[in-house]
Amino acid sequence: MKKTNRFLALVATLPLAAALSGAPAHAQGFGGLTGGSSGELGKAAGLLSGSGLNVPSVSSLAPSNVTGLLSYCVQNNYLQGNSPTTLLSSLKQKAGLDTSSTQYTNGQNGILDTGNGNTFSLSSLTGNLKQKVSTKVCNAVLKQGKSLL
């Protein structure tokens, strides 16, 4: 290859190299997501910072949405053991819980419904992010469900 052709080939790759060097080249870690139940939703929300997604607090959800979400979490194996299933049964039997409401149905579909027309869907997440965030949100939902009894 002539010197001139090599120079032109190098010049032709410069815009691509410049574009690639400006792109972020870091991986998002999940180290803070592995333990305890306090602040789990905050940690889940931290995973989503910069992604344009905001996870609402489970403490602001209606009891029917919490119960529906607990059902979603149990069905999708985000919570293990008998405790979540027992809690779910207790919540469903609680007087005044409307299992025919949109909020309950949304919860069963993995949708956190703030009641103001704002929602956040766990089912729309993908890959490792879905597993990590859903597990943390489900643990927060479990804690919130216990406080409703």
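Analyst: A strand here is a DSSP run of E with at least two residues, numbered from the N terminus. The model is a predicted one. S121 lies in strand 2, which covers residues 119–121.

User: What makes the link between the side chains of S121 and S123 a polar contact?

Analyst: The distance is 2.9 Å. The cut-off is 3.5 Å between N or O atoms, so the pair qualifies.

User: Which residues does S121 touch, not counting those up to four places away in sequence?

Analyst: G110 and I111. Contact means heavy atoms within 4.5 Å.

User: Why is helix 3 called oblique to helix 6?

Analyst: Helix 3 (residues 63–75) and helix 6 (residues 127–147) pack at about 135°, with axes 9 Å apart. Roughly perpendicular ends at 115 degrees and roughly antiparallel starts over 145, so the angle falls among the rest. That makes helix 3 oblique to helix 6. The crossing is left-handed.

User: Which residues of helix 3 and helix 6 meet?

Analyst: From helix 3 come V66, L69, L70, Y72 and C73; from helix 6 come K130, C138, V141, L142, Q144 and G145. By class, this contact has eight nonpolar residues, two polar and one charged. Gly counts as polar and Lys as charged.

User: How many helices and strands does the protein have, and in what pattern?

Analyst: Six helices and two strands. Along the sequence they read α-α-α-α-α-β-β-α.

User: What share of the protein counts as buried?

Analyst: Of its 149 residues, 34% do. The cut-off for buried is under 20% relative accessible area.

Definitions and conventions: Residues numbered from 1 in each chain as written. Predicted model: local features only at pLDDT ≥ 70, side-chain atom pairs only at ≥ 80, totals over all residues. Heavy atoms only, no water. Helix = DSSP H or I, 4+ residues; strand = E, 2+ residues; numbered from the N terminus. Polar contact = N/O pair within 3.5 Å; in protein donor to acceptor, adjacent residues only side chain to side chain. Axes fitted to C-alpha atoms, helices over the stretch in contact; angles between N-to-C directions. Parallel < 35°, antiparallel > 145°, perpendicular 65-115°, else oblique. Left-handed = near helix turned anticlockwise from the far one by under 90°. Buried < 20%, exposed > 50% of the residue type's maximum accessible area, 1.4 Å probe, protein only.
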